[in-house]
Amino acid sequence: MTLSFEASLTEADRLEALRRLDQFRRWHSLDDKRYCLCCRKIINGWQVRIVSGSTDSAPLRLVCPTQSCESIPMDWVLPTGEMLATMSILPNDAELARPPLMESPARKNGFKTRLRNIAGSLKRAGAAPA
Ligand SMILES: [Zn+2]
């Protein structure tokens, strides 16, 4: 039985590894949190699995600590604005923030035309006694 590579890491080693292996987002401390887009869980620097390659020369990898989740740092976002933007958790705000120009004129006209057609047929129906 060998001591796992991870268990041999000191706190400083672990943070160093996170910083070196996660090229996407900066780790300020092991308490930093990430939201895993694959398993939808919040993870922190203490939990991230640092696995050594299959051979001695293979590079180290960071892997999501969730069992059966093999996501890598690329799949982890900051559980802040980045996560909300990704998840669209605030649909109301997004709705308010959306500029009116987003509505396609063609669709608007189509709707108006339909209204006019409906109004027209109602008028015809009312104006034409049987
Ligand atoms: Zn995960």
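1. Arg 40 belongs to the loop that runs between E1 and E2. Its phi angle is near 60 degrees, a positive value in a residue that is not glycine. With a relative accessible area of 57%, Arg 40 is exposed, because the cut-off for that class is over 50%. The model is a predicted one, and the points that follow should be read with that in mind.

2. A second residue with a positive phi is Ser 68, where the angle is near 70 degrees, again in a residue other than glycine. Ser 68 sits in the loop between E4 and E5. Its relative accessible area is 73%, so Ser 68 is classed as exposed.

3. Which residues hold the zinc ion? The ion is coordinated through the SG atoms of Cys 36, Cys 39, Cys 64 and Cys 69, at 2.2 to 2.3 Å. Along the chain, these donors follow the spacing C-x2-C-x24-C-x4-C. Cys 39 is in the loop between strand E1 (33-36) and strand E2 (42-44), and Cys 64 is in the loop between strand E4 (61-63) and strand E5 (76-77), so this pair ties together parts that lie 25 residues apart in sequence.

4. Why is the zinc arrangement called tetrahedral? The 4 donor atoms subtend angles of 99 to 117 degrees around the ion, and the arrangement is tetrahedral because all such angles have to lie between 85 and 135 degrees. For comparison, the ideal angle for four tetrahedral donors is 109.5 degrees.

5. Thr 66 is placed in the loop between E4 and E5. Its relative accessible area is 16%, so Thr 66 is buried. Once neighbours within four places in sequence are left aside, Thr 66 is in contact with Cys 39, Lys 41 and Arg 49. One of these contacts, Cys 39, is a zinc ligand.

6. Trp 76 is part of strand E5. At 0% relative accessibility, Trp 76 counts as buried. Leaving aside neighbours within four places in sequence, the contacts of Trp 76 include Arg 25, Trp 27, Arg 34, Tyr 35, Ile 43, Val 48, Leu 62 and Val 63. The zinc ligands Cys 36 and Cys 64 are also among the contacts of Trp 76. Lys 41 is 35 residues from Trp 76 in sequence, and their C-alpha atoms are 9.6 Å apart in space.

7. Trp 27 and Arg 34, both among the contacts of Trp 76, are themselves related: the charged end of Arg 34 sits over the ring of Trp 27, 4.0 Å from the ring centre. How many aromatic pairs does the structure hold? The count is 0.

8. Helix H1 spans residues 11-21, and its buried residues are Arg 14, Leu 15, Ala 17, Leu 18 and Leu 21. Viewed down the axis of H1, the buried residues fall within an arc of 160 degrees, so they line one face of the helix. What do they pack against? The buried residues of H1 pack against strand E3 (49-51) and E4.

9. Phe 24 lies in the loop between H1 and E1. It counts as partly exposed, at 46% relative accessibility. Leaving aside neighbours within four places in sequence, Phe 24 is in contact with Pro 73 and Met 74. Phe 24 and Pro 73 are 49 residues apart along the chain, while their C-alpha atoms are separated by 6.9 Å.

10. As for the chain overall, it has 4 helices and 5 strands. Starting from the N terminus, the order of elements is α-β-β-β-β-β-α-α-α. Of its 130 residues, 25% count as buried. Among contacts with a separation of 6 or more, 47% are between residues 24 or more positions apart.

Definitions and conventions. Residues numbered from 1 in each chain as written. Predicted model: local features only at pLDDT ≥ 70, side-chain atom pairs only at ≥ 80, totals over all residues. Heavy atoms only, no water. Donors = N, O, S within 2.8 Å, 3.2 Å for Na, K, Ca; no water. Tetrahedral: all angles 85-135°; square planar, octahedral: opposite > 155°, others 65-115°. Helix = DSSP H or I, 4+ residues; strand = E, 2+ residues; numbered from the N terminus. Phe/Tyr/Trp six-rings, centres within 6.5 Å; stacked < 30°, edge-to-face > 60°. Lys NZ or Arg CZ within 6 Å of the ring centre and 35° of its normal. Buried < 20%, exposed > 50% of the residue type's maximum accessible area, 1.4 Å probe, protein only. Arc of directions from axis to C-beta. Contact = heavy atoms within 4.5 Å.
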